[in-house]
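Biologist: Please show me the model, and let us then ask what each term applied to it rests on.

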Amino acid sequence: VAEIYTKLNQLDSTYSCLIKSIKYAKQSQNKVTLTNVMYAASKYFFQIKDYSSCKWHLDKTIENANLYNLNIILSEAYLLRSKLNVLNRDYKNAYKDLENSYSIHSKIYDVKEINKVKALEQKLLQQEKQTQLIELELKKQKTINLLLYLIVFLSLTIGILAIIFLIRLKRLNAELKISKNKAEESDKLKSQFLKTISHEIRTPLNGIIGFSEMIVSEKIDKNELNEIQHHIYKNSFDLINTIENLVDMAHLNTNQYPLKISRFKILPLLDTIIKQAQESLLIQYNKKIEILLDNIQDIEIESDKNALKKILNLLILNAIKFTDTGFVKVGFEKNSSEYTLIVKDTGIGISKEKQKIIFNPFRFGNEQFSIKSGGTGLGLAIVKNLINILHGQIVIESETGKGTTFFIHIPVNEN
């Protein structure tokens, strides 16, 4: 910018720009830039005819140009100093500076040297082109490698997705198969349920109606009348039990079973249950088995009396059905955290496989025996649900042919 102002003869602006240039060149500590600025200042002082300042800047320019091989500036600086020496009538130094300027200029613009430089430039251009070709080839190879990596990655991704899809498809097929089996099992259970309910309701009703007709006919003696009354009572009892079980199961499935927590003594409840079971045994079953109560203390507990009574009645009734000889025994234990009701029998027992399903509705431990003895398959399902409502658990110990023991653990209600 200073040189432009010099050519435009705006010397004040030239000086201002030169001062800034020198300042910035010194701050940057760039000797080449500083040399250029010093030479520009020399031309400025020559133009304003401040020859002493011009000479001082020229000497600094020539010194730095020699030091850093700045030949073009050096040639021009010698030429300007030669002019300055002429003005100062120092012709000897003027001639010497002119010779130096010409010598350096000749070296710079020597044809042979220029040709060498051009040859070198050509060689450098060729090398640069070769380098560019190599770089392009490398880029091409990198692109190919990248595409290969991408293809491999996509292949692996597709393979993994395919494997995941196949695994999920296999799992889905397995789940569908399980769902299908469950649906088929559900249909089977529904059919069994309808068949069982039909039998369990129709059979007692037919018995009641038939025996009632016999009583109405008045063609029976006293002994036959007593037997008929016994059959009517038994069928009525079976019918009521079936209906009660259905109603209880409906309440339990809809979470509408009413709990009534109270404090009561356990021994009177167990005595009542045992007596009812003994009466039921006499009226309904012709079996030589004992219904026993273990020696227990008369302890007061807090729970739902009706729920416990229902649980024990169903377990005892179930034990009576599957026990032909021996006994059915009821026990009770209590510690600081829970109390345990025990129902033990010497019946036919339950296999390990059937123990997993007997608490499901409409499932039996021994289906052939159940057909013979009757029942809806709801008793143990109701027991399990009632125990869950009381926050307890039921444990079964059984072996085929060696009887069964049920343990009902109910937590103590501290409140």
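Predicted model: local features only at pLDDT ≥ 70, side-chain atom pairs only at ≥ 80, totals over all residues.

Biologist: Where in the protein chain is confidence lowest, and where is it highest?

Modeller: Helix α12 (residues 367–373) has the lowest confidence, at a mean pLDDT of 53, and strand β7 (residues 404–411) the highest, at 93. The mean for the protein chain is 83.

Biologist: What makes β2 and β4 paired strands?

Modeller: Pairing requires at least two bridges between two strands. Six bridges join β2 to β4, and the two strands run parallel; therefore they count as a pair.

Biologist: What is the strand order of the open sheet to which they belong?

Modeller: The order of its five strands is β2-β4-β5-β7-β6, with mixed pairing.

Biologist: Why do β2 and β6 stand at the edges?

Modeller: Each has a single partner strand, so one side of each is left without a neighbour in the sheet.

Biologist: Why is α10 called roughly antiparallel to α13?

Modeller: Their axes cross at roughly 150 degrees and come within 9 Å. Angles over 145 degrees count as roughly antiparallel, so α10 is roughly antiparallel to α13. The crossing of α10 and α13 is left-handed.

Biologist: Which residues make the contact between α10 and α13, and how do they divide by type?

Modeller: Among them are Ile311 and Leu314 of α10 and Val383 and Leu386 of α13. The residues of this contact divide into nine nonpolar, two polar and one charged. Lys310 of α10 takes part in the contact, and Lys counts as charged.

Technical notes. Residues numbered from 1 in each chain as written. Heavy atoms only, no water. pLDDT = per-residue confidence, 0-100. Helix = DSSP H or I, 4+ residues; strand = E, 2+ residues; numbered from the N terminus. Axes fitted to C-alpha atoms, helices over the stretch in contact; angles between N-to-C directions. Parallel < 35°, antiparallel > 145°, perpendicular 65-115°, else oblique. Left-handed = near helix turned anticlockwise from the far one by under 90°. Contact = heavy atoms within 4.5 Å.
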